[in-house]
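Here is a short briefing for a first look. Please have the sequence and the 3D view open as you read.

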Amino acid sequence: MENKKQLFQRFEEVFGYTGERFYFSPGRVNLIGEHTDYNGGKVFPCAITMGTYAVVAPREDQKVAAYSENLKDLGVLTFSLVDIQYEKESQWTNYLKGMLLYIQEMTHEFTTGFDVLIYGTIPNGASLSSSASLEILTGVIANDLYGVDLSGETLAQLGMRVENEFLNLNSGIMDQFIVANAKKGYAMLLDTDTLDYEQIPFALPDHQLLIMNSLKQRELVDSEYNTRREQCEEAVQMLQEVVSISNLGELSESEFEAYKYAITDREIARRAKHAVYENQRTKRAARALADGQLEVFGELMNESHLSLHEDYEVTVKETDLLVRLAWEQEGVIGARMTGGGFGGCCIAIVENEQVDPFIKNVRHGYETEIGYAPEFYHAETADGAKKL
């Protein structure tokens, strides 16, 4: 359905006239660097060609009318650009509302609205960042329609603010930042503390990046996420008794080993260990990729998964099984869970000629154990959100 002609046709069927402008905003996969973003550490995501499309036409009044091809039952949802507030009945359009509220606060009041048809190719609950994709898409639409010309960095910060303040969801800035600033053919090493970033070539001529969707709906993710975050903050407070730091991302592995005696709770110590070691792994992984050392990169992916399983405890039976099945297959460079955890997706880097047997074997093993088959997607890198 990402066929442009079909989407313009649907716009006309829904709104009764012809749409004018066309946009795309990617989803993302985090290659390595999980749960480091709120610990002041590094992350290493890339944008992918699965994402969110929009057909848009300006209106004369100050209303926005929005229709999602993925949520047809909700019909057209409308809101005014004047006095925007979060409302439960606004459903998915709260993401649009939050972005448009903060962009107006930062720039000027918008005196005209728009009609928009949205179509997303990111599976629901897959942990590939459909919400950030929608937020940055809204920012790019506003840039174009109202000529506000906000940078990718600014849009990313507004997107995070929408999650944190408008929707009261705890999240870091990684998703919005990569969606806004990605380059096709590259992954981004982002320092979440300073927002400095480096684009590192991510070309795999002899391999494919495969996404494996466990189809296990992510549960507990908000409550457990908040718990992990609090545990990391507690670890910092305990460490501050013996070393001057403001977040776990400041510590090397050897420094952590030297000072960890100050963390008196064993579970909290394991959480902190993951945050410190994962941050260092992420830096090494980015360098390995830049130097063409794909095998080293794969080993670091594997270590990351084990740490998420054993120390951070955010894997579930389904995601852990997918990764362990992946490790058993021919031609696999590395595999790990990706995203916040408690369900969602895993990724694997697999040699081109082994992709078909890999999918067949992993699907069979998973279905035998879990009772239903996972889904597989070929991930290709994409540019950040833009007008097409």
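Which helices and strands each supply at least two residues of the lining of the largest pocket? They are strand 1 (21–32), helix 2 (93–106), strand 5 (114–120), helix 3 (130–146), helix 5 (174–181) and helix 6 (221–239). This is a predicted model: local features need pLDDT of at least 70, side-chain atom pairs count only at pLDDT 80 or more, and totals for chains, interfaces and linings use all residues. Residues are numbered from 1 along each chain as its sequence is written, and side-chain values use heavy atoms, with hydrogens and water left out.

**Largest pocket**
- Its volume is about 1400 Å³.
- Lining residues number 49, and Tyr95, Ser130, Ser131, Glu163 and Arg218 are the closest to the centre.
- By class, the lining has 17 nonpolar, 24 polar and eight charged residues.
- Nonpolar covers Ala, Val, Leu, Ile, Met, Phe, Trp, Tyr, Cys and Pro; charged covers Asp, Glu, Lys and Arg; the others, Gly among them, are polar.
- A pocket is an open set of points on a 1 Å grid over the protein atoms alone, where a 1.4 Å probe fits, with protein on both sides within 12 Å along at least five of seven lines; lining residues have an atom within 4 Å of a point.
- A volume is the space filled by probe spheres set on the points.

**Second largest pocket**
- This pocket holds about 190 Å³ of space.
- Its lining includes Cys46, Phe202, His207 and Glu380.
- Strand 2 (42–58), strand 8 (207–213) and strand 11 (375–379) give two or more residues each.
- Strand 8 gives the most, with three residues.
- Helices (H or I, at least four residues) and strands (E, at least two) are DSSP runs, numbered from the N terminus.

**Cysteines**
- The whole structure has zero disulfides (pairs of cysteine sulfur atoms within 2.5 Å).
- The sulfur of Cys46 is 13 Å from the closest cysteine sulfur, in Cys345, so it is too far for a bond.
- Cys345 is in no disulfide either; the nearest cysteine sulfur, in Cys346, is 7.3 Å away.
- Cys46 is buried, at 1% relative accessible area.
- Cys345 is buried too, at 0%.
- Buried means under 20% relative accessible area, exposed over 50%, and partly exposed in between (1.4 Å probe, protein chains only).

**Glu278**
- Glu278 lies in helix 8 (residues 266–290) and is buried, at 0% relative accessibility.
- Leaving aside neighbours within four places in sequence, Glu278 is in contact (heavy atoms within 4.5 Å) with Ile32, Gly33, Glu34, Thr36, Ser304 and Arg336.
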